[in-house]
Amino acid sequence: MMHSKNTAIILVTYNGWQLTENCLKDLSPLTECKGSENFVIAVVDNGSSDGTEENIRKEFPQVHIYPQASNLGFGVANNAAIKGLMEDGIKFDTICLLNNDTRFEANAIIQLRKDFDFAMSHSEIGVTNCVMVPTILNADGSQQNNYFAGLGPDGIGYTQFILNAFRSQAAAARVLEGIPARTNVERFEQVHWASAVCWMLSAELWNRVGGFDHNIFMYYEDADLALRLRSAGARFYLSKRCAITHLGGGSAKSSFSRALQHDLSQQYVFKKHFGIRGLMLSKFFRILRSSFRAVATLPHLGSAEKRQYFKHHLALLKEALL
């Protein structure tokens with residue numbers, strides 16, 4: 001007798017109904033799957049004001065919707081969706097975390113589940129647990145390297161991390177991305193971890209590590225969870241056989257508040273995982289980065305844009321010194 005495989009697909013929304021609608025349309029064929037592979041879709045809406053909740057209930061009645069009164073952030077909202085499904089008695093053995101700003105053929109998610117099952121059941125992969133990640137594409141079809149595989153077996157190391165303070169954002173990203181490692185299975189590559197655009201992992205592993213950290217509102221929540229997943233013995237694999245498009249992969253200028261939130265989340269995660277050494281490393285990096293970028297901007301202060309950039313990094317430097 002063939003046992004049913006149940007995958008819970010989790011989306012987090014905060015306004016942006018058009019993106020969510022398109023993603024749910026791409027997912028709709030999966031709810032019609034019967035037999036050995038079944039899929040359930042859950043959406044946590046973080047207090048959207050654009051009618052997202054009402055539209056989902058009207059257009060996608062098969063979707064489980066868990067509306068929140070306010071914006072919980074990405075990680076906490078994912079936790080809420082998974083908890084909601086369990087409290088509603090929905091059975092699933094696998095979880096697929098999926099950004100709502102993605103487009104794909106429904107078969108890509110089916111293939112991701114098949115690749116996950118293969119990795120979990122074949123000894124040649126060499127691990128007892130994994131997080132399977134699809135190939136991520138930009139809207140123009142080019143590859144979007146949302147993974148981190150830089151240099152050594154445990155990451156880029158302290159020296160390269162500090163040197164990234166003096167690199168441009170693009171150059172620093174290339175160092176962090178690195179080159180994925182080959183595996184014994186040609187269609188899989190291994191990385192240290194990948195951004196949570198789309199992760200597939202077992203519900204058992206999720207429950208064992210406790211999901212996302214409730215103390216992180218935005219940024220580094222996936223890095224923190226990835227570190228805990230790796231500590232639990234899981235490894236991250238990229239599947240060459242399935243691909244999805246991530247529309248939100250472009251670099252966007254961020255406000256001071258968002259940049260500061262990014263820095264504070266980094267500091268929290270570094271301290272959590274590496275103690276006082278991690279805290280000092282994060283602060284040192286932030287001081288070097290903002291000092292270097294402010295000084296490099298000095299010859300260009302005739303431009304209003306450069307003056308704003310200069311003030312931006314002076315403010316970030318002040319926060320790093322606190």
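1. Start in helix α1. K25 and E21 sit 4 residues apart in this helix, which means that about one helical turn separates them. The two residues form a salt bridge. The closest N and O atoms of K25 and E21 are 3.8 Å apart. In the structure as a whole there are 15 salt bridges. Keep in mind that this is a predicted model.

2. Next, look at what α1 packs against. Helix α1 covers residues 17–27, and helix α2 covers residues 52–59. Their axes lie 10 Å apart, at an angle of about 25 degrees. Angles under 35 degrees count as roughly parallel, so α1 and α2 are roughly parallel to each other. The crossing of α1 past α2 is right-handed.

3. Which residues in α1 meet α2? They are W17, T20, E21 and L24. Their partners in α2 are T52, N55, I56 and E59. By class, the residues of this contact are 3 nonpolar, 3 polar and 2 charged. Note E21 here. E21 takes part in the contact with α2, and E21 also forms the salt bridge with K25.

4. Now move to helices α8 and α9. Helix α8 runs over residues 221–231. The axes of α8 and α9 come within 10 Å. They cross at roughly 20 degrees. That angle makes α8 roughly parallel to α9. The crossing of α8 and α9 is right-handed.

5. On the α8 side they are D224, L227 and R228. On the α9 side they are V269, K272 and H273. This contact of α8 with α9 divides into 2 nonpolar, 1 polar and 3 charged residues.

6. Helix α9 has another neighbour, helix α10. Residues 256–297 make up α9, and residues 304–321 make up α10. The axes of α9 and α10 come within 6 Å and cross at roughly 150 degrees. Are these two helices roughly parallel or roughly antiparallel? Angles over 145 degrees count as roughly antiparallel, so α9 and α10 are roughly antiparallel to each other. Their crossing is left-handed. The contact of α9 with α10 has 13 nonpolar, 5 polar and 7 charged residues.

7. Turn to the strands. Strand β8 spans residues 181–182, and strand β9 spans residues 188–191. They pair in the antiparallel sense, over 2 bridges. How many residues lie between β8 and β9 in their hairpin? There are 5. In this pairing, A181 stands opposite Q190 in β9.

8. Strand β9 also pairs with strand β12, which spans residues 234–246. This pairing is antiparallel as well, over 4 bridges. Q190 stands opposite Y237 in β12.

Notes: Residues are numbered from 1 along each chain as its sequence is written. This is a predicted model: local features need pLDDT of at least 70, side-chain atom pairs count only at pLDDT 80 or more; totals for chains, interfaces and linings use all residues. Side-chain values use heavy atoms; hydrogens and water are left out. Two strands pair if DSSP finds at least two bridges between them. Axes are lines fitted to C-alpha atoms, for helices over the stretch in contact, and angles run from 0 to 180 degrees between N-to-C directions. Angles under 35 degrees count as roughly parallel, over 145 as roughly antiparallel, 65 to 115 as roughly perpendicular and the rest as oblique. A crossing is left-handed if the near helix is turned anticlockwise from the far one by less than a right angle, and right-handed if clockwise. Contact means heavy atoms within 4.5 Å. Ala, Val, Leu, Ile, Met, Phe, Trp, Tyr, Cys and Pro count as nonpolar, Asp, Glu, Lys and Arg as charged, and the others, Gly among them, as polar. A salt bridge is a side-chain nitrogen of Lys or Arg within 4 Å of a carboxyl oxygen of Asp or Glu.
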